[in-house]
Amino acid sequence: MLCVLSSFRERTGRPSTGYIQFQRMNKKIQSALISVFYKEGLENIVKQLSELDITIYSTGGTQQFIEKLGINVTPVENLTSYPSILGGRVKTLHPSVFGGILGKRDDTTHVQEMRQYSIPEIDLVIVDLYPFEETVASTSDEKAIIEKIDIGGPSMIRGAAKNFKDVVVIAAKKDYASLEALLRDQKGETTLEQRKTFAAKAFEIVAHYEVAIAKYFNPSEALYFLESISNPKSMRYGENPHQSAVFYGDLGQLFDQLNGKELSYNNLVDVDAAIQLISEFPRVENTNGEFTFAIIKHTNVCGIAQRATVKQSWDAALAGDPESAFGGVLVCNGPIDKSTADAINEIFFEVLIAPSFDADALSVLRSKKNRILLQLKKQPGKKELYKSVLNGVLVQGIDEGNYAEWKEAGGRETTPGEKEDLAFANLVCKHLKSNAIALVKNKQLIGKGCGQTSRIDSLRQAIEKARQFDFDLINAVMASDAFFPFNDCVKMGDEAGITAFIQPGGSIRDNDSIEYCKQHDLAMVITGMRHFKH
């Protein structure tokens with residue numbers, strides 16, 4: 001292209017239109033405005049700007065930082081003729097600043113007005129934002145939080161991004177390295193594509209900031225669906241190989257990955273289900289407590305048990321459905337010791353999640369390089385669930401709790417053992433896809449049916465599973481995620497040996513199931529809390 005343009009100039013004696021456009025698209029930085037809260041990483045950039053003889057304007061703490069480096073800097077007050085006022089709330093909100101940022105260099109009217117009012121062109125804007133989210137996370141002091149709502153920062157960033165044809169904008173320190181390379185390799189010259197890329201990032205940063213502020217003021221009943229999560233991570237693929245996928249969020253806040261390959265889309269979905277389930281059970285720090293071990297497959301519980309030791313809970317959870325455990329996601333509420341690791345090591349699984357691992361247990365489990373080991377540091381703590389449907393988003397609160405009431409409605413009171421099993425079974429059933437049935441005996445899941453289009457089919461599936469692995473259903477209990485529309489489930493359960501039932505109630509024919517229990521001396525608990533899961 002350069003050769004062709006040269007020939008055009010040689011033939012006509014004047015530059016081509018393409019050459020003029022090329023020159024306009026590439027801009028040399030002559031001046032920079034710097035005003036940042038975080039100074040880390042700024043020193044090298046300031047020194048590079050100085051070496052390139054670029055005029056630097058600055059304010060407050062940033063100005064002092066630059067001056068301490070022995071580099072010339074012009075106070076913004078020299079442009080505005082006003083000092084920083086109102087406790088620092090007003091520093092840069094002035095036409096002499098925003099005119100220099102927003103002025104279009106190829107607009108003769110803009111250029112004339114900037115000359116008329118002695119407004120200098122500002123070619124580079126390096127501005128970050130007050131730490132609003134960090135302040136909200138660290139204090140409940142409203143006065144302190146309000147003062148961290150940045151006004152000038154977002155305005156300058158948006159102005160510079162809007163005028164990307166002429167201005168470079170850097171709105172976060174994570175882009176300092178890119179700017180350093182640009183200043184070094186291109187001697188302060190930028191292309192239109194580079195400026196537009198920085199502008200796109202800047203708009204995203206400001207949008208995220210504004211969402212955080214709006215969510216603080218409108219924690220509920222917002223006019224818009226507002227959510228902004230940073231740290232995008234491209235997945236190998238989505239639910240299937242032909243689907244693309246990205247995860248937004250910081251998994252490092254929740255767990256440390258101690259071994260294994262990169263988590264896949266399906267891994268993350270199952271890990272989420274596993275952590276939701278194990279959060280129902282208190283974390284056990286030592287040998288004192290009830291250890292719960294669970295196995296998740298395609299977000300459903302296929303094995304879970306509660307025992308006095310980790311090893312016993314693993315053995316019982318696996319026995320519930322050893323076939324489905326293959327390739328599953330495992331989760332425990334206590335530390336993994338070597339004897340448990342030796343037992344787990346005998347099967348193929350994708351992920352193991354636990355609050356801690358003994359050193360010798362880790363040595364065993366790390367024998368397979370792709371096996372994912374996650375040390376859970378804290379629960380996600382989310383209060384809402386989102387689902388994309390049709391042309392919008394559904395938002396709902398999380399399903400918290402086990403039961404709203406404990407109403408003994410059957411032919412007799414539950415025994416202490418039945419009561420423990422029913423409470424356990426109801427929690428398990430809560431984490432199965434509807435229609436869901438969980439059969440439990442001695443705090444061990446011995447049969448389950450889930451994802452069926454009728455409740456009676458889920459029960460048939462659960463009974464068949466129990467019998468497949470030679471479990472005795474005599475004196476077992478049954479949990480249902482929703483009410484029994486007829487007495488057929490209670491009758492089938494009774495015939496299989498089940499002696500106690502737990503369900504939310506709410507059917508116009510509740511009395512059919514209740515009367516059956518009364519006639520056959522069976523226990524039934526009504527909870528008043530449904531646990532549908534779709």
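This is a predicted model: local features need pLDDT of at least 70, side-chain atom pairs count only at pLDDT 80 or more; totals for chains, interfaces and linings use all residues.
I will start with helix H10, residues 152–162. Eight of the eleven residues of H10 are buried, so the helix is largely enclosed by the rest of the structure. The buried ones are Gly152, Gly153, Pro154, Met156, Ile157, Gly159, Ala160 and Ala161. What covers them? The cover includes strand E2 at 31–35, helix H6, strand E5 at 124–127, strand E6 at 168–170, and helix H12.

Of those, take H6. Two packed helices are described by the angle between their axes and the distance between the axes. H6 covers residues 95–102, and it packs on H10 at an angle of about 30°, with the axes 8 Å apart. Angles under 35 degrees count as roughly parallel, and H6 and H10 are therefore roughly parallel to each other. On the H6 side, the contact is made by Val97, Phe98, Ile101 and Leu102. On the H10 side, the residues are Gly152, Ser155, Met156, Gly159, Ala160 and Lys162. If you sort the residues of this contact by type, you get six nonpolar, three polar and one charged.

Next, the aromatic residues. A search of the whole structure finds ten aromatic pairs, and I will show two of them. A pair of aromatic rings is described by the distance of the centres and the angle of the planes. For Phe132 and Tyr216, the centres are 5.8 Å apart and the planes are at 85°, so this pair is edge-to-face. Where do the two residues lie? Phe132 is in helix H8, residues 132–138, while Tyr216 is in helix H12, residues 192–217, so the pair ties together parts that are 84 residues apart in sequence. Is Phe132 buried or exposed? With 1% relative accessibility, Phe132 counts as buried. Tyr216, at 25%, counts as partly exposed.

The second pair is Tyr403 and Trp406. Their ring centres are 5.0 Å apart with the planes at 65°, so this one is edge-to-face as well. Tyr403 has 35% relative accessibility and counts as partly exposed.

Going back to Phe132 and Tyr216, both belong to one aromatic cluster, together with Tyr209 and Phe217. There is also a charge over a ring to point out: Lys173 lies over the face of Tyr38, at 5.0 Å from the ring centre.

Asp175 is found in the loop between E6 and helix H11, which runs 176–186. Its relative accessible area is 5%, so Asp175 is buried. What does Asp175 touch, leaving aside neighbours within four places in sequence? It is in contact with Ile170, Phe198 and Lys201.

Gln48 is in helix H3, residues 43–51. At 14% relative accessibility, Gln48 counts as buried. Not counting residues up to four places away in sequence, Gln48 touches Glu180, Leu183 and Arg184.

Gly327 sits in the loop between helix H14, at 310–320, and strand E13, at 328–332. Is this glycine, Gly327, buried or exposed? Buried is under 20% relative accessible area, and Gly327 is at 18%, so it counts as buried. Along the chain Gly327 and Ile295 are 32 residues apart, and their C-alpha atoms are separated by 9.7 Å. With residues up to four places away left out, Gly327 touches Lys297, Phe348, Phe349 and Glu350.

Two glutamates to finish. Glu121 lies in the loop between helix H7, at 108–116, and E5. It is partly exposed, with a relative accessible area of 38%. Beyond its neighbours within four places in sequence, Glu121 is in contact with Ser31, Gly100, Arg105 and Met114.

Glu400 is in the loop between strand E17, at 392–397, and strand E18, at 407–408. Which residues does Glu400 touch, not counting those up to four places away in sequence? They are Lys383, Lys430 and Met529. One of these, Lys430, is 30 residues from Glu400 in sequence, and the two are 9.9 Å apart in space, C-alpha to C-alpha.

Conventions:
Residues are numbered from 1 along each chain as its sequence is written. Side-chain values use heavy atoms; hydrogens and water are left out. Axes are lines fitted to C-alpha atoms, for helices over the stretch in contact, and angles run from 0 to 180 degrees between N-to-C directions. Helices (H or I, at least four residues) and strands (E, at least two) are DSSP runs, numbered from the N terminus. Angles under 35 degrees count as roughly parallel, over 145 as roughly antiparallel, 65 to 115 as roughly perpendicular and the rest as oblique. Contact means heavy atoms within 4.5 Å. Ala, Val, Leu, Ile, Met, Phe, Trp, Tyr, Cys and Pro count as nonpolar, Asp, Glu, Lys and Arg as charged, and the others, Gly among them, as polar. Rings of Phe, Tyr and Trp (its six-membered ring) pair if their centres lie within 6.5 Å; planes under 30 degrees apart count as stacked, over 60 as edge-to-face and the rest as tilted. Buried means under 20% relative accessible area, exposed over 50%, partly exposed in between (1.4 Å probe, protein chains only). A charge sits over a ring if NZ of Lys or CZ of Arg is within 6 Å of the ring centre and within 35 degrees of the ring normal.
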